Amino acid sequence: MQLTLPTTAFECQNLIGGTWQTGIDLERRDLHSPYTGQRIGSVPMSNAAEIDRVVKAAAAAAITWRTTPAKERAQLLFKFRELLLANADELGQSAALESGKTVAEGKAGVLKGVEVLEYALSLQNLDDGAQLEVSRGVTCEVKREPLGVVAGIAPFNFPAMVPMWMIPIALAVGNAFILKPSEKVPITACKLGQLILDAGLPPGVFSIIHGGRDTVDALVDHPSVAALGFVGSSAAARSVYSRAALAGKRALCLGGAKNHLIVVPDADPTLTIQGVVDSFTGCAGQRCMAASLLVAVGEVDGLIDAIVERARGIVLGRDMGAIIDKASLDRLHRAIERGVADGAKLRLDGRQAKAPEQYGGGTWLGPTILDHAAPEWACAKDELFGPVITIVRVKTLEEALSLEAANPYGNATSIFTTRGGVARMVADRATSGMIGINIGVPVPREPFSFGGTKTSRFGAGDLTGAGGVEHWTQLKKITAKWAQHSDATWMS
Ligand code: NAD
């Protein structure tokens with residue numbers, strides 16, 4: 001699937017009360033495609049006044065939406081699903097154009113979003129409460145209710161998928177949802193918004209507000225925003241979580257990652273070589289589930305040589321996309337230089353990789369492998385967020401598990417082995433929230449929920465699956481006792 005470069009620019013607007021509009025005094029920022037550097041559009045940076053407008057429109061819509069029966073809400077979301085599938089190619093193109101990923105990766109993100117939507121659509125058939133007679137004539141009942149106006153803040157690396165982790169469940173359970181997409185990739189979000197409008201959801205039930213950090217802060221501070229979902233770097237996740245907690249709001253903030261892939265001598269070569277390379281090069285390493293540290297246990301030189309050779313064969317622009325922007329590319333160059341200066345052996349240097357001829361002017365970096373690193377070096381500890389994997393050599397599985405436990409992040413950890421006992425031990429003792437066994441990108445599929453531990457997540461629970469239902473709803477408890485009136489003879 002080839003990227004089609006657009007001939008017209010997309011000037012993003014906010015979606016407020018069902019119409020595309022933007023306050024006239026807002027600063028606008030130009031958007032450039034990582035593929036070519038060409039200008040592809042612009043995005044407004046919304047201020048507190050604009051946020052007040054969007055929240056007020058959402059609050060008005062929330063009143064009717066919450067009392068609309070779940071099955072009726074689901075009918076509109078079924079229509080949204082149809083439109084998503086019909087437009088998956090275009091959305092995949094749009095996600096690729098603005099984020100730098102390949103078109104296939106862009107489309108895969110849309111389809112993963114459809115899975116979350118399908119889970120949300122199943123909620124209409126679930127019993128949403130329980131009732132018990134807790135003592136003679138007294139019943140207790142629980143009722144699951146929406147929170148009101150809720151907001152989701154998304155990162156650049158999955159323009160469709162991460163918004164779709166939040167939108168379907170939050171809407172299906174009866175909230176009005178405001179999306180703050182990444183200011184680096186707002187175009188695909190606008191296209192999602194148009195499909196939601198086309199599906200017939202009432203105006204204001206779904207809104208989009210563009211902007212950056214200040215916009216997020218104003219959204220968190222707005223008294224009518226009841227709860228937040230956030231996905232991004234750990235520093236921002238911590239900041240949003242703390243701010244929301246101080247305001248007494250519910251927030252679940254997913255952060256960054258330094259995913260450890262543990263390879264032991266008995267690992268299956270095919271699964272391991274493909275699993276490791278796909279994990280650190282997919283989405284050009286710009287995903288929170290990407291392999292970032294390979295912990296090589298014992299004698300695994302043959303496997304590592306084969307990993308280097310497979311990664312060397314990757315063609316930029318065909319197998320792997322671009323880096324989001326010049327600032328990120330420069331940061332990655334500096335991280336590689338520092339790793340080498342610290343003493344790592346550069347087995348593969350992505351800085352030498354050939355940028356695709358048809359995409360001149362883009363921000364490209366090939367797969368990079370830093371071997372024989374010490375665990376305390378930056379390349380072995382920090383999230384690099386690019387197609388760079390660091391290899392640390394250890395003698396035992398015990399050492400590998402200690403390294404994993406010492407890392408402050410806790411998104412994903414994978415073990416590559418042919419022994420069930422080794423796999424079980426890692427699954428039991430690893431500290432991350434998501435564990436892979438011979439899988440390099442262990443993203444749980446619906447209905448299993450997505451979420452890490454440690455500084456990869458601030459707040460309780462997970463963002464998708466049943467975790468999403470918990471996050472976007474609250475339980476009301478109703479205790480009742482009825483008198484038997486002797487004069488109520490009209491029923492018999
Ligand atoms: P980012 O933290 O820079 O931005 C994420 C969102 O937060 C954007 O919408 C941005 O406008 C906003 N923002 C940025 N700084 C902020 C601040 N200080 N306060 C409030 N809001 C702020 O992240 P990014 O560069 O867009 O995305 C990459 C990061 O996201 C990586 O660290 C990656 O691991 C992480 N990520 C995590 C997951 C996960 O599920 N854990 C998924 C995808 C990406």
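Pro447 is found in the loop that runs between strand S20 (434-437) and strand S21 (453-454). This is a predicted model, and in it the peptide bond joining Glu446 and Pro447 is cis, with omega about 10°. His372 is not a glycine, yet its phi is positive, near 55°. For background, most peptide bonds are trans, and most residues other than glycine have a negative phi.

Now to the ligand, which sits in the largest pocket. Helix H7 (213-221), strand S11 (225-231) and helix H8 (234-246) are the elements that each give two or more residues to its shell. Seen by domain, the shell takes at least three residues from domain 1 (10-255 + 457-476) and at least three from domain 2 (259-437).

How many residues surround the ligand? There are 28, and the closest are Ala154, Glu183, Ser233, Gly255 and Glu383. By type, the shell is made up of 16 nonpolar, eight polar and four charged residues.

| Residue | Part of the residue | Distance to a ligand oxygen atom |
|---|---|---|
| Ala154 | polar backbone atom | 2.7 Å |
| Glu183 | polar side-chain atom | 2.7 Å |
| Glu383 | N or O atom in the side chain | 2.6 Å |

On its own the ligand has 840 Å² of accessible area, and the protein covers 89% of that.

Conventions. Residues are numbered from 1 along each chain as its sequence is written. This is a predicted model: local features need pLDDT of at least 70, side-chain atom pairs count only at pLDDT 80 or more; totals for chains, interfaces and linings use all residues. Side-chain values use heavy atoms; hydrogens and water are left out. A residue is near a molecule or strand if one of its heavy atoms lies within 4 Å of it. A polar contact is a pair of N or O atoms within 3.5 Å; within protein, one must be able to donate a hydrogen and the other to accept it, and residues adjacent in sequence count only if both atoms are side-chain atoms. Accessible areas come from the Shrake-Rupley method with a 1.4 Å probe; for residues, only the protein chains shown count as cover. On a 1 Å grid over the protein atoms alone, a cavity is a set of points where a 1.4 Å probe fits but cannot get out, and a pocket is an open set with protein on both sides within 12 Å along at least five of seven lines; lining residues have an atom within 4 Å of a point. A molecule sits in a cavity or pocket if more than half of its atoms lie within 2 Å of its grid points. Helices (H or I, at least four residues) and strands (E, at least two) are DSSP runs, numbered from the N terminus. Ala, Val, Leu, Ile, Met, Phe, Trp, Tyr, Cys and Pro count as nonpolar, Asp, Glu, Lys and Arg as charged, and the others, Gly among them, as polar. Domain bounds come from an automatic or database domain assignment.
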